[in-house]
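Here are my notes on this one, jotted down as numbered points. Have the structure open while you go through them.

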Amino acid sequence: MVSPKTLAIVKSTVPVLEKHGTDITTVFYKNMFAEHPELLDIFNETNQKLGRQQTALATTVLAAAKHLENLAVLLPQVTQISHKHRALEIHPEHYPIVGKHLLGGIKEVLGDAATDEIIEAWAEAYNEIANVFISIEKDMYQKAMWSGFVEFKVVKKEITGTDIAAFTVQPVDSNAVNLNEITLTPGQYITVKTDPEDSDHIALRHYSLCSVETESGIQFAVRRDNRNAHRGLVSNHLHDNVEVGDTILLSAPAGDFALQQDLINQNQVPLVLISAGVGVTPVLSMLEAQVKQNPERPIIWMYACQNQAHHAFKSRVDALLERANNVERHIFYFEDGQLLNDSVLRTLPNPADVYVCGSMAFMDSMINGLIALEHSGDSIHYEPFGPKMSLVIE
């Protein structure tokens, strides 16, 4: 617990963080990577270029400053981030590096306004925050299905929806990972470690599981990212250079985007699965698990994509929905003017158990729309393809 003096000083800096937070985190990343270029192997270069990582970190720091006397209220958000850290193999020795450059960023941006007293207070506060993350991540490392990055062989690769590759992989060494001894959670993701030809650095990316069945191997999907003049480094590498017979490195599944187990067998609360594009991947695994365990529960399936050609996993979803006994199915093709918007959300029952996945813009729209319609924040579950703290539900 930080001292009362530190608490008062950090609280007093909240307005400054709200005004200069992104500037501080931008300087933080620039200076940290200059001194520790090896960390470029961990952080997503695309999120850096688009400013997503800077915004997410600024949001995290601001939230911690506001709740420093009771960080427990941030446990859901801290847990979300900790899953990412465990999947990326971030360890306690990384936290002093981050602390040094975060304090340096505060000093550089605020100049003389960042007095020694303020910097000392923030150093104490940062250590308190870091210890919370380290404690949670220690438990996650201990519970992980396997340690570090393990070699897997690609046994199947299938293109679905024009630009999505679905991979099935099996461990090269069954002693390292025994598929018969692990249980996958629908909604979680694995992390792929690659060495793309077009990069000077190792690149790590998270990809959602598209099934919880392990009989044929672990299944995940990757969308080729070539939008808005951006060429996805890892997605294009996996699409163009990784084929059946090749090997890749994976860390154990992670993430807290999962079906509420206590509701799967309760038919009074409908299951609502909303996705766009490759966002269908994690909710597909949820649909699979729900239908397998309780096909009587009401299910509302909403999926949006560019057009019919881009409709991913269509036959597989159709087959699963056929096995359910109480289903509503709504498909939206943007090119045909079919929009998944607020007017559609108004048709949803409330209460409902809602799971949403898609682009950052899609997530913002869906979450804001659901909250405006008075859906409880506890009933809205989401997994955006980007830094999650930038979409905190207050």
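1. Which residues does methionine 32 touch, not counting residues up to four places away in sequence? The answer is Leu39, Phe43, Ile97, Val98 and His101, where contact means heavy atoms within 4.5 Å.

2. Before going on, some ground rules. This is a predicted model, in which local features need pLDDT of at least 70 and side-chain atom pairs count only at pLDDT 80 or more, while totals for chains, interfaces and linings use all residues. Residues are numbered from 1 along each chain as its sequence is written, and side-chain values use heavy atoms, with hydrogens and water left out.

3. On confidence: pLDDT (the predictor's confidence in each residue, from 0 to 100) averages 92 over the protein chain, and 94% of the residues score at least 70. Residues 389-394 are the stretch to treat with care, as pLDDT stays under 50 there. The model still has 24 contacts beyond four places in sequence for residues 389-394. Where pLDDT is low, the predicted coordinates should not be read in detail.

4. Back to the interior. A nonpolar core here is a set of buried Ala, Val, Leu, Ile, Met, Phe, Trp, Tyr and Cys residues joined through side-chain atoms within 4.5 Å; buried means under 20% relative accessible area, exposed over 50%, and partly exposed in between (1.4 Å probe, protein chains only). The largest core has 44 residues, and Met32 and Trp122 touch the most other members. Helices H1 (4-12), H2 (14-35), H4 (52-66), H5 (75-88), H6 (95-110) and H7 (116-143) each supply at least two residues of this core, with the largest share, 11 residues, coming from H7. A second, separate core has 30 residues, among them Ala166, Leu271, Ala289 and Ala324. Helices (H or I, at least four residues) and strands (E, at least two) are DSSP runs, numbered from the N terminus.

5. Now the sheet. Six strands make an open sheet, ordered E4-E3-E6-E1-E2-E5, with antiparallel pairing; two strands pair if DSSP finds at least two bridges between them. E4 and E5 are the edge strands with a single partner each, so one side of each has no neighbour in the sheet. On average, neighbouring strands are turned by 40° against each other, direction ignored (axes are lines fitted to C-alpha atoms, for helices over the stretch in contact, and angles run from 0 to 180 degrees between N-to-C directions). Strand E3 (residues 189-194) pairs with E4 over six bridges, and valine 192 sits opposite arginine 205 in E4.

6. How many salt bridges does the structure hold? There are 16, each being a side-chain nitrogen of Lys or Arg within 4 Å of a carboxyl oxygen of Asp or Glu. Lysine 292 bridges to glutamate 213 at 3.3 Å between the closest N and O atoms. This pair links distant parts of the chain, 79 residues apart: lysine 292 is in helix H9 (residues 280-293), and glutamate 213 is in the loop between E4 (203-208) and E5 (218-223). Lysine 292 counts as exposed because its relative accessibility is 57%, whereas glutamate 213, at 30%, is partly exposed.

7. One more bridge worth a look: aspartate 240 and arginine 224 meet at 2.8 Å, N to O. Aspartate 240 lies in helix H8 (residues 233-241) and arginine 224 in the loop between E5 and H8, 16 residues apart. Arginine 224 is partly exposed at 26% relative accessibility. Elsewhere, shared partners join Lys314, Asp318, Glu322 and Arg329 into one salt-bridge network.
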